[in-house]
Amino acid sequence: MRFSSIGSGSAGNGLLIQSRDTTLLLDCGFGLRDAIHRLQRASIAPESLNGILVTHEHDDHAGGVFKLANKFGIPVWLTHGTLTMVERLMPKQRGFELHVIDSHAPFTIRDLGVNPFPVPHDAREPVQYTFHDGDSKLGVLTDTGTSTPHIEAMLSGCHGLVLECNHDLDMLMNGPYAWPLKKRVSGRLGHLDNTTSASILGNLDLSHLQHLLAAHLSAKNNHPDLVINCLSSALNCEREWISIADQEIGFDWRDIR
């Protein structure tokens with residue numbers, strides 16, 4: 001299995017997961033032309049995608065999903081709650097398969113097993129996912145304001161982990177956002193701060209972990225050095241072992257062996 005980000009942050013998100021002859025895209029918050037360019041930069045032809053999975057309805061995750069799916073006939077998987085919130089984005093003539101999933105029920109897309117799990121976020125029925133191919137497990141956790149025992153059970157034992165580090169709490173509280181937005185971002189239905197993400201790591205089985213990628217960093221309320229300091233201290237590892245998903249370039253392919 002291998003995985004790569006085509007961009008991560010409030011301006012758009014997309015994560016590629018590939019195993020054998022299967023390539024999936026998790027979220028697409030980019031315009032059609034931009035999404036195609038970002039996929040091609042990762043050496044992925046859009047028509048080769050076997051599916052797009054959606055975490056929730058917010059534009060930085062779902063805004064580009066249906067244009068991409070419709071142009072290239074790519075199947076889409078999402079929860080019923082998310083579906084009710086993205087009707088405005090649906091094309092009048094739909095040229096792709098739409099699969100409504102149970103947020104607790106695992107399913108398979110070709111060579112990849114997919115396990116959705118619910119998360120606390122200010123969306124209708126948000127989920128995150130783990131992926132496995134029989135040998136390796138990748139976990140993704142972004143867009144949640146807090147952790148739960150179920151989240152931590154789902155993410156334990158991963159070989160690769162993409163973990164939200166949205167904000168530094170001091171930067172957020174002393175930053176330019178209006179107070180209601182500060183409360184939303186830092187609330188239990190908002191986004192994970194660096195310290196909370198580091199504490200989540202302490203509750204996981206990390207014995208198989210090969211790659212840790214910090215994702216969904218705020219451009220105004222965080223800095224990569226703060227993230228790396230926090231996570232490397234939590235893991236007692238070298239700073240170089242922590243990688244950052246960038247808004248513009250994401251991150252290159254990571255191979256799980």
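**Chatting about Ser 232 and its chain**

Modeller: Let's start with Ser 232, which sits in helix H9 (residues 224-235); helices here are DSSP runs of H or I with at least four residues, strands are E runs of at least two, and both are numbered from the N terminus. This is a predicted model, where local features need pLDDT of at least 70, side-chain atom pairs count only at pLDDT 80 or more, and totals for chains, interfaces and linings use all residues. Residues are numbered from 1 along each chain as its sequence is written, and side-chain values use heavy atoms, with hydrogens and water left out.

Biologist: Okay, is Ser 232 buried or exposed?

Modeller: Ser 232 counts as buried, because its relative accessibility is 7%. Buried means under 20% relative accessible area, exposed over 50%, and partly exposed in between (1.4 Å probe, protein chains only).

Biologist: And what is Ser 232 in contact with, leaving aside neighbours within four places in sequence?

Modeller: Cys 237, Glu 238, Arg 239 and Ile 242. Contact means heavy atoms within 4.5 Å.

Biologist: Switching to the whole chain: how many helices and strands are there?

Modeller: The chain has 9 helices and 14 strands. Its radius of gyration is 17 Å, close to the 18 Å from the globule rule for 257 residues, so the chain is as compact as a globular protein of that length. That radius is taken over C-alpha atoms, and the rule is 2.2 Å times the number of residues to the power 0.38.

Biologist: What share of the residues is buried?

Modeller: 58% of the 257 residues count as buried.
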